[in-house]
Amino acid sequence: MCVTCGCGNGHTIIGGHALRQQRKPDGPLHFRSHETDAQVADVSAPRIVKLEQDLLAKNDGYADANRRYLSKHGIFALNLMSSPGSGKTTLLVKTIAALNGTLPLAVIEGDQQTDNDAARIRAAGAPAIQINTGKGCHLDAQMVGQAVQQLGLQHNSLLLIENVGNLVCPASFDLGEAHKVVILSVTEGEDKPLKYPDMFRAADVMLLNKCDLLPYLDFDADLAIEYARRINPKLRVIRISASSGEGMAEWLEWIKDGCSNAVAAKPEESFG
Ligand SMILES: Nc1nc2c(ncn2[C@@H]2O[C@H](COP(=O)(O)OP(=O)(O)O)[C@@H](O)[C@H]2O)c(=O)[nH]1
Ligand SMILES: [Mg+2]
């Protein structure tokens with residue numbers, strides 16, 4: 001169970017395999033990614049705060065292990081987050097097509113149910129693994145660690161993680177990624193950064209998607225960006241359209257720079 005929103009104890013399936021509970025990330029930590037419903041039922045507010053702190057601390061242990069693994073192998077990982085339908089999978093498909101094999105990459109897809117998105121990614125020519133979180137509303141670092149092992153990532157590659165569509169809980173869970181990327185589409189309203197500030201505070205980049213629709217909508221893109229920067233002044237914003245290709249060049253350039261930097265920053269013992 002996620003203490004943040006109270007989502008249920010999902011039966012997480014990763015590429016057809018159940019999430020291995022009680023796996024130790026590294027060292028003495030020993031925990032499950034979700035508390036059981038019984039553990040959080042009828043508990044006092046201070047106890048809930050403590051449970052949330054424990055849950056996030058345990059997640060951070062797995063996230064650190066993921067980050068060490070990714071860094072050691074020169075893998076640049078991005079965590080894509082948004083509300084459902086803002087265009088994450090479409091953007092990934094277009095990104096894979098545009099990169100056209102120039103960078104080795106793999107995708108982790110998160111959804112509560114179905115492997116539709118992983119199938120869309122595989123059809124675009126990239127390896128993908130689906131995590132189904134059941135009733136869970138976000139990916140956590142333990143799930144991603146297991147998915148990474150099952151995927152068998154190439155060294156010096158790009159890992160794209162599509163989180164469960166939700167503008168709230170995914171913001172709280174470090175997956176070990178290099179950057180969180182939030183996607184806001186122009187059909188969602190300018191005020192979403194103000195309504196869901198944690199998400200826009202946690203992200204390093206905001207992709208303002210579906211800009212091809214702007215001529216047909218009453219949506220003020222400048223105002224949406226101003227709201228987002230009010231929450232996070234350092235937020236990098238790229239206006240894109242996954243459909244028309246607008247802004248894709250800047251997005252791809254940013255990804256390529258990140259991949260080069262991840263390889264350059266590999267710890268010395270990883271060479272040779
Ligand atoms: N007009 C337009 N539609 C888009 C764009 N990107 C995605 N869509 C559409 O938005 C819908 C949801 O896209 P999807 O990639 O499944 O969103 P996800 O739930 O965030 O993964 C689909 O019908 C897409 O074709 C875009 O840039 N412009
Ligand atoms: Mg999707």
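A residue counts as buried here when its relative accessible area is under 20%, as exposed when over 50%, and as partly exposed in between (1.4 Å probe, protein chains only). In this predicted model, local features need pLDDT of at least 70 and side-chain atom pairs count only at pLDDT 80 or more, while totals for chains, interfaces and linings use all residues. Side-chain values rest on heavy atoms, with hydrogens and water left out, and residues are numbered from 1 along each chain as its sequence is written.

Of the protein's 272 residues, 52% come out as buried. Cys169 is among the buried ones because its relative accessibility is 1%, and Cys211, at 5%, counts as buried too. As for disulfides (pairs of cysteine sulfur atoms within 2.5 Å), the structure has zero. Cys169 has its closest cysteine sulfur in Cys137, but at 3.5 Å that is too far for a bond.

On to the fold: there are nine helices and nine strands, taken as DSSP runs (H or I, at least four residues, for helices; E, at least two, for strands) numbered from the N terminus. Helix H2 (residues 45-72) packs on helix H5 (residues 141-151) at about 30 degrees, their axes 8 Å apart. Axes are lines fitted to C-alpha atoms, for helices over the stretch in contact, with angles from 0 to 180 degrees between N-to-C directions. H2 and H5 are therefore roughly parallel, a label for angles under 35 degrees. Contact (heavy atoms within 4.5 Å) involves Asn59, Tyr62, Ala63, Asn66 and Tyr69 of H2, and on H5 Ala141, Gln142, Val144, Gly145, Val148 and Gln149.

Note on methods
Chains lettered and ligands numbered in written order. Parallel < 35°, antiparallel > 145°, perpendicular 65-115°, else oblique.
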